[in-house]
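Here are my notes on this model, point by point. Please read them with the structure open.

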Amino acid sequence: MSRLIAARERTVKWMSNSPKTMVMLEAAVDRYSAMLYCHSYMLLGQEQDAQDVVQETFLRYWRKSPDFESDEHEKAWLLRVSTNLCKNVHRSRSRHPQVPLEHLPEQAAPEASSLPEALRLLPDMYKSVLMLHYIHGYKVREIAEMEHLTQSTVKMRLRKGRQLLEKLYKEEQL
């Protein structure tokens with residue numbers, strides 16, 4: 001019975017978000033939507049999926065109305081939520097393919113014609129840490145905390161990701 005009461009209280013809180021919460025949401029959308037879209041697009045490679053992830057990220061922000069210690073904490077929370085949602089999209093794609101493989105024409109491997117394109121071709125485990133470090137400016141320690149990894153694992157993924165990225169990019173330039 002207490003779970004039912006707690007759920008009802010959460011619903012009432014969600015339904016009656018204050019004007020302050022709406023102002024905070026609008027400010028967050030203005031500040032972070034472009035960054036979250038780029039982050040999601042680089043992880044997913046599809047425009048529509050990236051837009052859906054950004055929308056769902058802000059929906060969760062609105063529903064939870066979290067309290068943040070700083071702007072950096074807010075940014076890290078939004079990035080973490082969007083990264084997790086991107087992982088969910090990948091998981092869903094692998095479990096529920098949209099088109100059977102036998103119906104697809106044979107294609108050559110995708111080519112990396114630019115650095116962002118090459119980055120999109122990397123495996124997610126490297127892509128995520130490279131983006132957090134080089135695009136969003138997080139330190140190794142911060143990435144380790146956000147991704148629930150050790151610092152040595154983050155350093156290894158950064159090194160391996162740079163090597164793969166260099167290899168992909170150089171192959172295209174030849």
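**Notes on the predicted model**

1. Start with the contacts of the protein chain. Among those between residues at least 6 apart in sequence, 65% join residues at least 24 apart. Contact here means heavy atoms within 4.5 Å.

2. Some ground rules. This is a predicted model, in which local features need pLDDT of at least 70 and side-chain atom pairs count only at pLDDT 80 or more, while totals for chains, interfaces and linings use all residues. Residues are numbered from 1 along each chain as its sequence is written, and side-chain values use heavy atoms, with hydrogens and water left out.

3. The secondary structure comes to 8 helices and 0 strands. Along the sequence the pattern reads α-α-α-α-α-α-α-α. Helices (H or I, at least four residues) and strands (E, at least two) are DSSP runs, numbered from the N terminus. Of the 174 residues, 32% count as buried. Buried means under 20% relative accessible area, exposed over 50%, and partly exposed in between, with a 1.4 Å probe and protein chains only.

4. Now the core. The largest nonpolar core has 33 residues, and Tyr 32, Leu 36, Phe 58, Leu 79, Leu 119 and Tyr 138 touch the most other members. Two or more residues each come from α2 (19-44), α3 (47-64), α4 (71-95), α5 (115-121), α6 (124-135), α7 (140-147) and α8 (151-173). The largest share, 8 residues, is from α2. A nonpolar core is a set of buried Ala, Val, Leu, Ile, Met, Phe, Trp, Tyr and Cys residues joined through side-chain atoms within 4.5 Å.

5. Which residues does Tyr 138 contact, leaving aside neighbours within four places in sequence? They are Glu 72, Lys 75, Ala 76, Leu 79, Leu 132, His 133, Ile 143 and Met 146. Leu 79 is another of the core residues that touch the most other members.

6. Look next at α3 and α4. Their axes come within 9 Å and cross at roughly 130°. Axes are lines fitted to C-alpha atoms, for helices over the stretch in contact, and angles run from 0 to 180 degrees between N-to-C directions. The two helices are therefore oblique to each other. For the cut-offs, angles under 35 degrees count as roughly parallel, over 145 as roughly antiparallel, 65 to 115 as roughly perpendicular and the rest as oblique. The crossing is right-handed.

7. By class, the contact of α3 with α4 has 9 nonpolar, 2 polar and 6 charged residues. Ala, Val, Leu, Ile, Met, Phe, Trp, Tyr, Cys and Pro count as nonpolar, Asp, Glu, Lys and Arg as charged, and the others, Gly among them, as polar.

8. Two further residues on these helices. Asn 84 is in α4 and is partly exposed at 33% relative accessibility. Its C-alpha is separated by 9.6 Å from that of Thr 57, 27 residues apart along the chain. Leu 59 is in α3 and is partly exposed at 29%. Leu 59 and Leu 25 are 34 residues apart in sequence and 9.2 Å apart in space, C-alpha to C-alpha.

9. α6 and α7 pack at an angle of about 135°, with their axes 10 Å apart. They too are oblique to each other, and the crossing is right-handed. Ser 128, Val 129, Leu 132 and His 133 of α6 meet Val 140, Ile 143, Met 146 and Glu 147 of α7. This contact has 5 nonpolar, 2 polar and 1 charged residues.

10. Check Ser 128 in α6. Is Ser 128 buried or exposed? Ser 128 is buried, because its relative accessible area is 5%. Not counting residues up to four places away in sequence, Ser 128 touches Leu 43, Thr 83 and Glu 147. Other buried residues of α6 include Tyr 126, Val 129 and Leu 132.

11. Finally, the backbone. Gly 137, which follows α6, has a positive phi, near 80°. His 148 has a positive phi of about 60° although it is not a glycine. Most residues other than glycine have a negative phi. His 148 lies in the loop between α7 and α8 and is exposed, with a relative accessible area of 71%.

How values were computed:
A crossing is left-handed if the near helix is turned anticlockwise from the far one by less than a right angle, and right-handed if clockwise.
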